[in-house]
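Subject: Structure handover

Hello,

Here is the structure I promised to pass on. My notes on it follow below.

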Amino acid sequence: MGENYKGRLCIATGAARGIGKACAAKFAEYGGDVVMVDINKKVLEKSAAEIAAKYGVKIYAYVVDISSFEACEQFMAEVNAKIGTVDVLANCAGITVAKHMIDLTPAEWERVMGVNLRSIWCLSQLFAKQLKATGKTKGNIVSISSQASKIGESANGVYSISKAGINSLTQVLGLEYAEYGISVSAVCPGYVNTEMVQEVFQKRSIVEGKTPEEYEKELTSGVAMGRMCEPEEVADLMAFLAGGRADYITGVTVTIAGGKTLI
Ligand SMILES: NC(=O)c1ccc[n+]([C@@H]2O[C@H](COP(=O)([O-])OP(=O)(O)OC[C@H]3O[C@@H](n4cnc5c(N)ncnc54)[C@H](O)[C@@H]3O)[C@@H](O)[C@H]2O)c1
(Lines give C-alpha, C1' and ligand atoms only; values in the text may rest on other atoms or scores of the structure.)
Protein backbone atom coordinates (compact mmCIF):
# COMPACT_ATOMS: atom_id res chain seq x y z
CA MET A 1 0.00 0.00 0.00
CA GLY A 2 1.31 3.46 -0.89
CA GLU A 3 1.35 6.58 1.26
CA ASN A 4 -0.79 9.69 0.88
CA TYR A 5 1.24 12.91 0.63
CA LYS A 6 -1.47 14.97 -1.09
CA GLY A 7 -1.63 18.53 0.30
CA ARG A 8 1.70 18.16 2.07
CA LEU A 9 4.80 20.25 1.40
CA CYS A 10 8.03 18.27 1.74
CA ILE A 11 11.69 19.28 1.83
CA ALA A 12 14.33 16.78 0.70
CA THR A 13 17.99 17.77 1.04
CA GLY A 14 20.74 16.21 -1.06
CA ALA A 15 18.04 15.74 -3.68
CA ALA A 16 20.10 16.22 -6.84
CA ARG A 17 21.06 12.57 -7.03
CA GLY A 18 21.20 9.25 -5.18
CA ILE A 19 18.95 8.49 -2.23
CA GLY A 20 17.83 12.14 -1.82
CA LYS A 21 16.58 12.21 -5.39
CA ALA A 22 14.81 8.87 -4.89
CA CYS A 23 13.20 10.24 -1.73
CA ALA A 24 11.98 13.42 -3.50
CA ALA A 25 10.58 11.25 -6.31
CA LYS A 26 8.79 9.02 -3.80
CA PHE A 27 7.11 11.99 -2.08
CA ALA A 28 6.06 13.28 -5.54
CA GLU A 29 4.78 9.86 -6.59
CA TYR A 30 2.55 9.86 -3.50
CA GLY A 31 1.14 13.30 -4.39
CA GLY A 32 3.30 15.63 -2.28
CA ASP A 33 4.79 18.94 -3.44
CA VAL A 34 8.55 18.86 -2.95
CA VAL A 35 11.25 21.44 -2.30
CA MET A 36 14.43 19.83 -3.56
CA VAL A 37 17.65 21.17 -2.00
CA ASP A 38 21.23 20.61 -3.05
CA ILE A 39 24.55 22.37 -3.51
CA ASN A 40 24.98 21.02 -7.05
CA LYS A 41 22.84 23.44 -9.13
CA LYS A 42 23.16 21.77 -12.52
CA VAL A 43 22.27 18.24 -11.42
CA LEU A 44 19.58 19.53 -9.04
CA GLU A 45 17.74 21.45 -11.76
CA LYS A 46 17.87 18.47 -14.11
CA SER A 47 16.52 16.09 -11.45
CA ALA A 48 13.81 18.56 -10.39
CA ALA A 49 12.60 18.95 -13.99
CA GLU A 50 12.58 15.16 -14.42
CA ILE A 51 10.48 14.56 -11.28
CA ALA A 52 8.06 17.42 -12.05
CA ALA A 53 7.45 16.07 -15.56
CA LYS A 54 6.93 12.52 -14.31
CA TYR A 55 4.54 13.14 -11.41
CA GLY A 56 2.85 16.48 -12.20
CA VAL A 57 3.16 17.87 -8.66
CA LYS A 58 4.83 21.16 -7.70
CA ILE A 59 8.59 20.81 -7.53
CA TYR A 60 10.89 23.61 -6.37
CA ALA A 61 14.69 23.57 -6.63
CA TYR A 62 16.80 25.49 -4.10
CA VAL A 63 20.59 25.69 -4.11
CA VAL A 64 21.66 25.83 -0.45
CA ASP A 65 24.85 24.86 1.37
CA ILE A 66 23.11 23.29 4.35
CA SER A 67 26.27 23.42 6.49
CA SER A 68 25.63 27.16 6.90
CA PHE A 69 23.07 28.06 9.60
CA GLU A 70 22.48 31.47 7.99
CA ALA A 71 21.87 29.91 4.56
CA CYS A 72 19.36 27.46 6.10
CA GLU A 73 17.55 30.30 7.91
CA GLN A 74 17.29 32.35 4.74
CA PHE A 75 16.14 29.30 2.79
CA MET A 76 13.38 28.34 5.25
CA ALA A 77 12.14 31.95 5.50
CA GLU A 78 11.92 32.16 1.71
CA VAL A 79 10.09 28.83 1.40
CA ASN A 80 7.60 29.87 4.07
CA ALA A 81 7.00 33.27 2.46
CA LYS A 82 6.79 32.14 -1.15
CA ILE A 83 5.45 28.56 -0.96
CA GLY A 84 3.99 27.83 2.47
CA THR A 85 4.47 25.88 5.68
CA VAL A 86 6.57 22.74 5.37
CA ASP A 87 4.99 19.49 6.65
CA VAL A 88 7.82 17.01 6.05
CA LEU A 89 11.60 17.35 6.37
CA ALA A 90 13.79 14.63 4.84
CA ASN A 91 17.48 15.12 5.68
CA CYS A 92 19.33 13.18 2.99
CA ALA A 93 22.47 15.18 2.14
CA GLY A 94 25.72 13.69 3.33
CA ILE A 95 29.42 13.61 2.53
CA THR A 96 32.43 11.59 3.58
CA VAL A 97 36.20 11.74 3.52
CA ALA A 98 38.31 8.62 2.99
CA LYS A 99 40.92 9.02 5.72
CA HIS A 100 42.14 7.29 8.82
CA MET A 101 41.59 9.37 11.98
CA ILE A 102 45.35 9.85 12.38
CA ASP A 103 45.51 11.75 9.08
CA LEU A 104 42.27 13.77 9.36
CA THR A 105 42.54 17.58 9.35
CA PRO A 106 40.40 19.92 11.50
CA ALA A 107 38.86 21.39 8.33
CA GLU A 108 37.78 17.92 7.15
CA TRP A 109 36.27 17.17 10.58
CA GLU A 110 34.35 20.47 10.54
CA ARG A 111 33.09 19.99 6.98
CA VAL A 112 31.74 16.46 7.45
CA MET A 113 30.19 17.31 10.82
CA GLY A 114 28.70 20.52 9.39
CA VAL A 115 27.05 18.87 6.39
CA ASN A 116 26.05 15.56 7.98
CA LEU A 117 25.05 16.49 11.53
CA ARG A 118 24.85 20.20 12.34
CA SER A 119 22.64 20.85 9.29
CA ILE A 120 20.06 18.38 10.62
CA TRP A 121 19.91 20.09 14.00
CA CYS A 122 19.62 23.44 12.24
CA LEU A 123 16.96 22.50 9.66
CA SER A 124 14.96 20.53 12.25
CA GLN A 125 14.90 23.57 14.53
CA LEU A 126 13.74 25.86 11.72
CA PHE A 127 11.18 23.26 10.65
CA ALA A 128 9.70 22.97 14.16
CA LYS A 129 9.62 26.74 14.64
CA GLN A 130 7.70 27.40 11.41
CA LEU A 131 5.16 24.66 12.27
CA LYS A 132 4.68 26.11 15.74
CA ALA A 133 4.36 29.65 14.37
CA THR A 134 1.52 28.68 12.02
CA GLY A 135 -0.32 26.63 14.65
CA LYS A 136 0.06 23.36 12.78
CA THR A 137 0.09 20.37 15.10
CA LYS A 138 1.58 17.70 12.87
CA GLY A 139 4.89 17.25 11.10
CA ASN A 140 7.44 14.57 10.24
CA ILE A 141 11.23 14.53 10.17
CA VAL A 142 13.21 11.63 8.73
CA SER A 143 16.99 11.64 8.34
CA ILE A 144 19.51 9.37 6.69
CA SER A 145 22.05 7.98 9.13
CA SER A 146 24.07 4.87 8.17
CA GLN A 147 25.03 1.39 9.30
CA ALA A 148 28.46 3.01 9.82
CA SER A 149 26.92 4.72 12.88
CA LYS A 150 26.43 1.33 14.50
CA ILE A 151 29.49 -0.65 13.41
CA GLY A 152 32.08 2.08 12.74
CA GLU A 153 34.20 1.89 9.60
CA SER A 154 37.96 2.16 9.13
CA ALA A 155 39.03 5.04 6.84
CA ASN A 156 35.50 6.43 7.34
CA GLY A 157 35.79 7.58 10.94
CA VAL A 158 34.45 11.11 10.99
CA TYR A 159 31.53 9.98 8.81
CA SER A 160 30.73 7.14 11.25
CA ILE A 161 30.88 9.59 14.17
CA SER A 162 28.65 12.14 12.41
CA LYS A 163 26.09 9.43 11.69
CA ALA A 164 26.17 8.19 15.31
CA GLY A 165 25.42 11.83 16.19
CA ILE A 166 22.33 11.70 13.95
CA ASN A 167 21.08 8.67 15.91
CA SER A 168 21.45 10.55 19.18
CA LEU A 169 19.95 13.75 17.73
CA THR A 170 16.99 11.67 16.53
CA GLN A 171 16.41 10.37 20.07
CA VAL A 172 16.60 13.83 21.61
CA LEU A 173 14.37 15.46 18.97
CA GLY A 174 11.93 12.56 19.22
CA LEU A 175 11.53 13.38 22.91
CA GLU A 176 11.49 17.17 22.58
CA TYR A 177 9.33 17.54 19.45
CA ALA A 178 6.57 15.13 20.51
CA GLU A 179 4.75 18.04 22.14
CA TYR A 180 4.57 19.78 18.74
CA GLY A 181 3.13 16.66 17.07
CA ILE A 182 6.35 16.04 15.15
CA SER A 183 7.63 12.50 14.69
CA VAL A 184 11.40 12.17 14.24
CA SER A 185 13.11 9.08 12.90
CA ALA A 186 16.23 8.05 11.01
CA VAL A 187 17.16 5.23 8.67
CA CYS A 188 20.49 3.39 8.74
CA PRO A 189 21.19 2.05 5.25
CA GLY A 190 23.93 -0.43 4.44
CA TYR A 191 25.63 -0.22 1.04
CA VAL A 192 23.29 1.58 -1.35
CA ASN A 193 23.87 1.46 -5.08
CA THR A 194 24.59 5.17 -5.74
CA GLU A 195 27.38 7.20 -7.35
CA MET A 196 28.57 8.15 -3.86
CA VAL A 197 29.19 4.58 -2.78
CA GLN A 198 31.11 3.79 -5.97
CA GLU A 199 33.28 6.90 -5.41
CA VAL A 200 33.81 5.83 -1.80
CA PHE A 201 34.87 2.31 -2.81
CA GLN A 202 37.40 3.84 -5.23
CA LYS A 203 38.90 6.26 -2.70
CA ARG A 204 38.84 4.08 0.41
CA SER A 205 40.35 1.06 -1.35
CA ILE A 206 43.49 3.16 -1.99
CA VAL A 207 43.73 4.13 1.70
CA GLU A 208 43.26 0.45 2.68
CA GLY A 209 45.85 -0.79 0.11
CA LYS A 210 43.39 -2.81 -1.99
CA THR A 211 41.93 -2.64 -5.47
CA PRO A 212 38.39 -1.15 -5.63
CA GLU A 213 37.07 -4.58 -6.67
CA GLU A 214 38.76 -6.36 -3.73
CA TYR A 215 37.53 -3.71 -1.34
CA GLU A 216 33.92 -3.79 -2.60
CA LYS A 217 33.89 -7.60 -2.44
CA GLU A 218 35.25 -7.60 1.11
CA LEU A 219 32.63 -5.14 2.33
CA THR A 220 29.60 -6.55 0.56
CA SER A 221 30.47 -10.22 1.28
CA GLY A 222 29.07 -9.67 4.77
CA VAL A 223 25.62 -8.71 3.45
CA ALA A 224 23.30 -11.65 4.20
CA MET A 225 20.99 -10.72 1.30
CA GLY A 226 23.98 -10.95 -1.05
CA ARG A 227 23.37 -7.64 -2.81
CA MET A 228 23.48 -3.88 -2.35
CA CYS A 229 20.38 -1.89 -1.44
CA GLU A 230 18.67 0.20 -4.16
CA PRO A 231 18.01 3.93 -3.45
CA GLU A 232 14.26 3.36 -3.98
CA GLU A 233 14.19 0.82 -1.13
CA VAL A 234 15.54 3.42 1.29
CA ALA A 235 13.16 6.06 -0.12
CA ASP A 236 10.21 3.70 0.41
CA LEU A 237 11.09 3.27 4.07
CA MET A 238 11.53 7.03 4.52
CA ALA A 239 8.18 7.74 2.85
CA PHE A 240 6.53 5.27 5.23
CA LEU A 241 8.17 6.76 8.34
CA ALA A 242 7.17 10.33 7.37
CA GLY A 243 3.85 9.46 5.74
CA GLY A 244 1.40 9.61 8.63
CA ARG A 245 0.77 5.92 9.23
CA ALA A 246 3.98 5.71 11.28
CA ASP A 247 3.45 8.77 13.48
CA TYR A 248 3.77 6.71 16.69
CA ILE A 249 7.31 5.69 15.63
CA THR A 250 9.58 8.41 17.00
CA GLY A 251 13.10 8.86 18.34
CA VAL A 252 14.37 5.69 16.68
CA THR A 253 16.62 4.53 13.86
CA VAL A 254 15.60 1.77 11.47
CA THR A 255 18.36 -0.29 9.86
CA ILE A 256 18.00 -1.26 6.20
CA ALA A 257 21.19 -3.17 5.46
CA GLY A 258 20.26 -6.60 4.07
CA GLY A 259 21.49 -8.27 7.27
CA LYS A 260 25.00 -6.76 7.19
CA THR A 261 24.25 -5.38 10.63
CA LEU A 262 21.50 -6.73 12.85
CA ILE A 263 21.21 -3.60 15.01
N1 LIG B 1 25.21 5.20 -0.68
C2 LIG B 1 25.34 4.52 0.44
O3 LIG B 1 25.82 3.37 0.44
C4 LIG B 1 24.88 5.10 1.75
C5 LIG B 1 24.82 4.24 2.86
C6 LIG B 1 24.39 4.76 4.08
C7 LIG B 1 24.02 6.09 4.18
N8 LIG B 1 24.10 6.90 3.09
C9 LIG B 1 23.72 8.29 3.26
O10 LIG B 1 22.64 8.58 2.37
C11 LIG B 1 22.69 9.95 1.99
C12 LIG B 1 22.69 10.06 0.49
O13 LIG B 1 23.79 9.29 -0.01
P14 LIG B 1 23.99 9.05 -1.57
O15 LIG B 1 24.73 7.77 -1.71
O16 LIG B 1 22.73 9.26 -2.27
O17 LIG B 1 25.05 10.23 -1.87
P18 LIG B 1 25.19 11.24 -3.10
O19 LIG B 1 26.58 11.78 -3.03
O20 LIG B 1 24.78 10.55 -4.35
O21 LIG B 1 24.14 12.37 -2.75
C22 LIG B 1 24.37 13.31 -1.74
C23 LIG B 1 23.86 14.65 -2.23
O24 LIG B 1 24.09 15.61 -1.18
C25 LIG B 1 24.50 16.81 -1.79
N26 LIG B 1 25.25 17.66 -0.85
C27 LIG B 1 26.51 17.46 -0.42
N28 LIG B 1 26.89 18.47 0.37
C29 LIG B 1 25.84 19.33 0.45
C30 LIG B 1 25.64 20.57 1.12
N31 LIG B 1 26.60 21.14 1.85
N32 LIG B 1 24.45 21.18 0.99
C33 LIG B 1 23.48 20.64 0.22
N34 LIG B 1 23.61 19.46 -0.45
C35 LIG B 1 24.79 18.82 -0.33
C36 LIG B 1 25.36 16.35 -2.96
O37 LIG B 1 25.56 17.38 -3.93
C38 LIG B 1 24.60 15.16 -3.48
O39 LIG B 1 23.68 15.50 -4.49
C40 LIG B 1 23.94 10.53 2.66
O41 LIG B 1 23.58 11.13 3.88
C42 LIG B 1 24.79 9.31 2.92
O43 LIG B 1 25.67 9.49 3.98
C44 LIG B 1 24.52 6.43 1.86
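A salt bridge here means a side-chain nitrogen of Lys or Arg within 4 Å of a carboxyl oxygen of Asp or Glu. Please keep in mind throughout that this is a predicted model.

Salt bridges

By that criterion, Asp65 and Arg111 form a salt bridge, with 3.4 Å between their closest N and O atoms. The two residues come from distant parts of the chain, 46 residues apart: Asp65 sits in the loop between strand 3 (59-63) and helix 3 (69-82), and Arg111 belongs to helix 4. Asp65 has a relative accessible area of 26% and is therefore partly exposed. Arg111 is also classed as partly exposed, because its relative accessibility is 36%.

The whole structure holds 15 salt bridges. Another of them joins the side chains of Arg17 and Glu195, at 3.4 Å from N to O. Arg17 is partly exposed, its relative accessible area being 32%. A network of salt bridges links Arg17, Glu195 and Glu199.

Helix 8

A further salt bridge is made by the side chains of Glu218 and Lys210, with an N to O distance of 2.8 Å. Glu218 is partly exposed at a relative accessible area of 43%, and Lys210 is partly exposed at 30% relative accessibility.

Which residues are buried in helix 8? In this helix, which covers residues 212-220, they are Tyr215, Leu219 and Thr220. Viewed down the axis of helix 8, the buried residues lie within an arc of 115 degrees, so they line one face of the helix. Glu213 and Lys217, on the other side of helix 8, are exposed.

Strand 4 runs parallel to strand 1 (residues 9-13), and three bridges join the two. Ala12 has Ala90 in strand 4 as its bridge partner. Strand 4 is also joined to strand 5 (residues 139-144) by four bridges, and these two strands are parallel as well. Within strand 5, Ser143 stands opposite Asn91. Between strand 4 and strand 5 the chain passes through helix 4 (residues 106-133), and this β-α-β crossover is right-handed.

A surface patch

Which residues form a nonpolar patch on the surface? They are Met101, Trp109 and Ile161, which together have about 250 Å² of accessible area. Met101 is located in the loop between strand 4 and helix 4. Its relative accessibility is 41%, so Met101 counts as partly exposed.

That is what I have for the handover.

Regards

Note on methods
Residues numbered from 1 in each chain as written. Predicted model: local features only at pLDDT ≥ 70, side-chain atom pairs only at ≥ 80, totals over all residues. Heavy atoms only, no water. Pairing = 2+ DSSP bridges. Right-handed = clockwise from strand over helix to strand, strands pointing away. Patch = residues over 30% accessible without salt bridge, like charges linked within 9 Å, V, L, I, M, F, W, Y side chains within 5 Å. Areas by Shrake-Rupley, 256 points an atom, 1.4 Å probe, with all protein chains shown as cover. Buried < 20%, exposed > 50% of the residue type's maximum accessible area, 1.4 Å probe, protein only. Arc of directions from axis to C-beta.
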